Every structure is written in structure tokens, then in C-alpha cells.
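The sequence and model are shown first.

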Amino acid sequence: MSAPSLDRDFHVLEFDSTTEAAAFVAALSRFLHSPVGSTYVGHPDSVQVWSHLSTRSAGRNSSVDVFLSPDALDAASAAFSPILVSGRLRGDELPAGCALVIGGEPTPARGLDEVEYMLIYGRS
């Protein structure tokens, strides 16, 4: 999958650094990989997490926006409370250059370093 679903709403989470965003996404991937978390995955595309660095050249010091599909938000809300959503956008409103970090496949349990790499350089 190379682009977000155009007609789907995505909930915006803002993080001050790639490390902070990576910790959240890695923890969410581990939750989704668990027996309890896997119940939130209706089909491989139901849970989508997209990311966008505000300044790619800054690497680890970049602020990151993370965009959660409704099922991803439900899972995150069950695992971590509270989730501070700063807005909502349709898939066609997400910034160009977003990277899919969760979705389109069974969700593996990812580690912090792997997710941080994905946030900085795009999906591997």
C-alpha cells in the first residue's frame, strides 16, 4: 500500500521527536501483535498508522505527526489511555511523503530502533 485510503478519516497525534513517536508506534505494534490487541484488526488494512516528519533533515530531532485509522485509534485507546488527538484528516488531506508504519499486513511486534528508522527514512 503506497497511499492512505482517500475516504478514510485519520486521527492526528503530534510528537516532539522521532524517538517519542517511535516508542508509541512500537508499543502499539506490540499490543496489536498480542492476543488481546489482535482483536482490533478486522482485516490487514483496518489498522493503519501513517507518519510524517516535519523536517526530514533533522532526523531524530524532528517533530512527527502520526495518523491513526479509526481501528488503530480504538486499539491505542484500549492499550494506552489517554490518547491526545490533535485533529482529524481524510486520507486525501494527509501531507505528501507520509510513510505507512503499520498496516497492509499482519502487524509484527516492532522494536524502537526499527520504528525510528522507519519514521526517519520511510517504510523498509
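Which residue in S3 is the bridge partner of Ser-51? The partner is Val-66.

## Basis of the model

The model is predicted: local features need pLDDT of at least 70, side-chain atom pairs count only at pLDDT 80 or more, and totals for chains, interfaces and linings use all residues. Residues are numbered from 1 along each chain as its sequence is written, and side-chain values use heavy atoms, without hydrogens and water.

## Sheet

Five strands form an open sheet in the order S4-S1-S3-S2-S5, with antiparallel pairing; strands are DSSP runs of E of at least two residues, and helices runs of H or I of at least four, numbered from the N terminus. Two strands pair if DSSP finds at least two bridges between them. Strand S4 (87-90) and S5 each have a single partner strand, so one side of each lacks a neighbour in the sheet. S2 and S3 are joined by 5 bridges.

## Helix packing

The axes of H1 (residues 18-33) and H2 (residues 70-79) come within 10 Å and cross at roughly 90°. Axes are lines fitted to C-alpha atoms, for helices over the stretch in contact, with angles from 0 to 180 degrees between N-to-C directions. H1 is therefore roughly perpendicular to H2 (65 to 115 degrees).

## Nonpolar core

The largest nonpolar core has 27 residues; such a core is a set of buried Ala, Val, Leu, Ile, Met, Phe, Trp, Tyr and Cys residues joined through side-chain atoms within 4.5 Å, buried meaning under 20% relative accessible area with a 1.4 Å probe, protein chains only. H1 gives the most to this core, with 8 residues.

Note on methods. Angles under 35 degrees count as roughly parallel, over 145 as roughly antiparallel, 65 to 115 as roughly perpendicular and the rest as oblique. Buried means under 20% relative accessible area, exposed over 50%, partly exposed in between (1.4 Å probe, protein chains only).
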